[in-house]
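Work through the exercises below with the model open beside you. Try each task before you read its solution.

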Amino acid sequence: MSIAKGQDELAENFLENAPTSISLAIPSICYVESLATLEQEDKYNQDFIRRLDIQVNEAARDKTSQNAKLVVNYLKQAKISFLQRTNDTEKRFCIALNQLLTKAEEISLTTEIIHESLAKNILERHLMDKLIIESIVHHPRLHPNEIKIFLSANSNEFGKREVIEVLRDSGIQYFNKTQNFLGWLQSQSN
C-alpha cells in the first residue's frame with residue numbers, strides 16, 4: 001500500500017527494477033490485507049466526496065455571499081483533484097500488485113503459520129500483521145542459506161521492539177524505507 005499511496009518514493013522503482021541477485025517474497029496474506037485496505041479506503045473516499053457534495057450544495061444555495069461562490073469553486077476543484085489523486089493511487093496499486101504477482105515468490109498461509117502466530121504474544125490487536133510476521137519468520141526455515149530482509153513502511157506495527165526482536169531472532173533484518181534498504185545493500189557490496 002505504501003507504493004500505491006506514494007509514501008515510499010523509491011519503492012516503486014525498486015520493485016520495477018529489482019536486481020536479479022535479489023529474490024522477492026511476499027506473504028499471501030499481504031494480498032488480502034492490501035485489497036481489504038483498498039476497499040476500506042474507497043469507502044472513506046466515497047464518504048468524503050458525499051460530504052463534499054453536501055457542502056457544495058449548501059454553499060450554492062447562498063445567493064448573496066461572495067464567499068459562498070468561492071467555496072463552491074474551491075470545493076469543486078478540490079473534488080476534481082481528490083478524484084485524480086484517488087485514480088493515481090489505484091493505478092499505482094494495480095501496477096505494484098501485478099509486479100508482485102509476477103516477480104515475487106508467494107509465502108502461502110498454512111495452518112502451521114496460523115498456529116504459531118496465535119502462540120506469539122506480539123501484535124495482539126493486529127491479527128493480519130501478526131500473520132504477516134509469522135509468515136516472514138517461517139520463510140527462512142525453507143531457505144536457511146539466504147540473507148533475509150523484511151521491507152515494510154508499516155513501522156507503527158513492524159517497527160515495535162518486540163517485533164524487531166522476533167525478526168532478528170529469525171535472522172531477518174527489518175527496513176521501513178526502501179532508501180534505508182538500498183543504503184544497506186550498497187554497503188554490503190563494498
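Predicted model: local features only at pLDDT ≥ 70, side-chain atom pairs only at ≥ 80, totals over all residues.

Residues are numbered from 1 along each chain as its sequence is written, and side-chain values use heavy atoms, with hydrogens and water left out.

**Exercise 1. Count the helices and strands, and give their order.**

Step 1. Helices (H or I, at least four residues) and strands (E, at least two) are DSSP runs, numbered from the N terminus. The protein has eight helices and four strands.
Step 2. Along the sequence they follow the pattern α-β-α-α-β-α-α-β-α-α-β-α.

**Exercise 2. Compare the radius of gyration with that of a compact globule of 190 residues.**

Step 1. The radius of gyration is taken over C-alpha atoms, and the globule rule is 2.2 Å times the number of residues to the power 0.38.
Step 2. A compact globule of 190 residues would come out near 16 Å, but the protein has 21 Å.
Step 3. Now take the box. Along the principal axes, the C-alpha atoms fill roughly 75 × 40 × 30 Å.

**Exercise 3. Describe the surface and the contacts of the protein.**

Step 1. Accessible areas come from the Shrake-Rupley method with a 1.4 Å probe; for residues, only the protein chains shown count as cover. The protein exposes about 12200 Å², and carbon and sulfur atoms supply 51% of it.
Step 2. Buried means under 20% relative accessible area, exposed over 50%, and partly exposed in between (1.4 Å probe, protein chains only). Of the 190 residues, 33% count as buried.
Step 3. A contact means heavy atoms within 4.5 Å. Among contacts with a separation of 6 or more, 66% join residues 24 or more positions apart.

**Exercise 4. Find the residues that touch the most other members of the largest nonpolar core.**

Step 1. A nonpolar core is a set of buried Ala, Val, Leu, Ile, Met, Phe, Trp, Tyr and Cys residues joined through side-chain atoms within 4.5 Å.
Step 2. The largest one has 32 residues; Ile132, Ile133, Phe150, Phe158, Val163 and Leu167 touch the most other members.
Step 3. Several elements each supply at least two residues of this core, including helix 2 (28–61), helix 3 (66–103) and strand 4 (172–175). Helix 5 gives the largest share, five residues.
Step 4. Look at Ile132. Leaving out residues up to four places away in sequence, Ile132 touches Pro27, Ile29, Cys30, Glu33, Phe150 and Phe158.

**Exercise 5. Is Lys130 buried or exposed?**

Step 1. Locate Lys130 in helix 5.
Step 2. Lys130 counts as buried because its relative accessibility is 4%.
Step 3. Beyond four places in sequence, Lys130 touches Ser117, Leu118, Lys120, Ile122, Leu123 and Glu124. The C-alpha atoms of Lys130 and Lys120 are separated by 8.4 Å.

**Exercise 6. Which residues does His139 touch?**

Step 1. His139 also has its place in helix 5.
Step 2. Its relative accessible area is 8%, so His139 is buried.
Step 3. Not counting residues up to four places away in sequence, His139 touches Ala25, Glu105, Ile107 and Lys148.

**Exercise 7. Where does Lys79 lie, and what does this residue touch?**

Step 1. Lys79 lies in helix 3.
Step 2. Lys79 is partly exposed because its relative accessible area is 25%.
Step 3. Lys79 touches Ile49, Leu52 and Asp53, with residues up to four places away in sequence not counted.
Step 4. Now go to Ile136, 57 residues apart from Lys79 along the chain: their C-alpha atoms are separated by 40 Å.
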